[in-house]
Amino acid sequence: MIKAIKGMNDLLPQEVERWRWVEERARQVLGLYGFSEIRTPIVEHTDLFERGLGQDTDVVEKQMYTFPDKSGSSLTLRPEATASILRAVIEHGLLSSDPIQKLYSIGPMFRYERPQKGRYRQFHQINAERIGEESPFSDAECICMAYDMCKAMGLDELSIEVNSLGCKECRPAFRAALKEFLYKSRAALCDDCKRRLETNPLRVLDCKNPSCREVVRDAPNVEEYLCDACREHYSGVLRDLDIMGVPYSKNNLLVRGLDYYTRTTFEIKAGGLGSQDAVAGGGRYDGLLKLLGGPDAPGTGFAFGLERVMMLVDAGIQKQQGCFVAAQGNPRVKEEAIRILAELRRAGIGAQAVFDKSLKAQMRRAARSGYRFCLILGEEEVNRKEVTVKDMDMSSQIRIPRDGALSRLRKAMEEGELYKGNGKA
Ligand code: HAM
């Protein structure tokens, strides 16, 4: 038997229903904040990620699915969406029609990581990018929107961590001070961090290895090295978060794994996820657009990891809205049932039926359909121009006139009860 690739998962129909619910909730919030959807290809030229994410990042060094195509060009399955979205913004000159772009995309990303709970080789992100704004307000609103999305998806036990990494003016002094500090404890660092010390010392700050964590406890604090402009920006972000009522804590060790971040970084962690507990992460990337060949416009954004969100979302999210139709009797009964099915769908109400089985078997299918209501038709109903409506949740049923049955059903779906107002509960 040929199996799926390690770290890449099938999503079976029931799972997909839950995913769609989550995506829908996220889209609603994105809409409230004025974001529009963009869809970019899953494969890009390798250069885009090497340049955008940084040669010394784990993603570029070890995790990219890179391959030559038949013409010999080096292509890569996208490991994240920010670089691709920015490429599209530059390629299509979007900023010349509107200098502020608020874009989101939803889709699969690929990283060759060691698979474990919450970490996969194909995973999915909801990605939001806000390009063209420099104000601390735009960072704060991004964080606030991510928080609102968590709430809309029903996540709780959240903690939001925020940091500022400074800019190209002030970061070199911090980097030098950090490097000097880390050199003194070099022996205690893990092998990866010994290497990072040379290439990317900031990454040592958020290494998960216990011995590295011990070392960085006394490391220089990035906040003390921020230039006046970065300090003002950071305090502006925190002030706006306070005004928006978003709870957060400062974490001066929060560096994040991609090199493009300047100033603000943030992460949202959720309880119940184990060691891979970041459901979303992001920050500001002011030099990235220019680095990729575009105008010198700032940007800020974040991405949710959908697999991690799904681990936290309640299983039985919602019953599907719709109605099963069961019928038994002479051919006229089936004809009437087929007519009703067509009417239901034309009225925008989901409907299913299986007529080649006994009524008992049809009722079993009705129970499995996930629909709350079932319309039952027999010869008596057809003769009397009536239908029986069964509420599967309440295990109760009622016979109503065929005329007006659909609007009665629709009302019951909206109000959540069939008997409202007629005292027959
Ligand atoms: P990232 O932190 O690499 O950032 O990924 C964002 C989120 O994607 C993580 O917090 C996590 O929930 C999820 N994630 C990452 N890797 C995996 C994996 N192997 N398996 C499952 N989930 C994973 C970015 O990708 C940036 N592009 C975010 C961003 C957008 N920054 C600015 N704009």
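Residues are numbered from 1 along each chain as its sequence is written. In this predicted model local features need pLDDT of at least 70 and side-chain atom pairs count only at pLDDT 80 or more, while totals for chains, interfaces and linings use all residues; side-chain values use heavy atoms, without hydrogens and water.

Q: Why is α2 called roughly perpendicular to α4?
A: The axes of α2 (residues 46-53) and α4 (residues 82-91) come within 9 Å and cross at roughly 110 degrees. Axes are lines fitted to C-alpha atoms, for helices over the stretch in contact, with angles from 0 to 180 degrees between N-to-C directions. Under 35 degrees is roughly parallel, over 145 roughly antiparallel, 65 to 115 roughly perpendicular and the rest oblique. The crossing angle therefore makes α2 roughly perpendicular to α4.

Q: Which residues of α2 and α4 meet?
A: Leu48, Phe49 and Leu53 in α2 meet Ala83, Ser84 and Arg87 in α4, where contact means heavy atoms within 4.5 Å. The residues of this contact divide into four nonpolar, one polar and one charged.

Q: What puts the buried residues of α8 on the same side of the helix?
A: The buried residues of α8 (residues 191-199) are Cys193, Arg196 and Leu197. Buried means under 20% relative accessible area, exposed over 50%, and partly exposed in between (1.4 Å probe, protein chains only). They cover an arc of only 115 degrees around the axis, so they lie on the same side of α8. The arc is that of the directions from the helix axis to the C-beta atoms. These buried residues pack against α3 (58-63), α7 (171-184) and α9 (210-216).

Q: What makes glutamate 91 and arginine 87 a salt bridge?
A: A salt bridge is a side-chain nitrogen of Lys or Arg within 4 Å of a carboxyl oxygen of Asp or Glu. For glutamate 91 and arginine 87 the N to O distance is 2.7 Å, so the pair meets the definition. Being four residues apart in α4, they are separated by about one helical turn.

Q: Are glutamate 91 and arginine 87 buried or exposed?
A: Glutamate 91 has a relative accessible area of 55% and is exposed, whereas arginine 87, at 18%, is buried.

Q: Why is arginine 39 counted as exposed?
A: Arginine 39 has 70% relative accessibility and therefore counts as exposed. Its salt bridge partner is glutamate 37, at 3.0 Å, N to O. Glutamate 37 is partly exposed, at 29%.

Definitions and conventions:
Helix = DSSP H or I, 4+ residues; strand = E, 2+ residues; numbered from the N terminus. Nonpolar A, V, L, I, M, F, W, Y, C, P; charged D, E, K, R; others polar.
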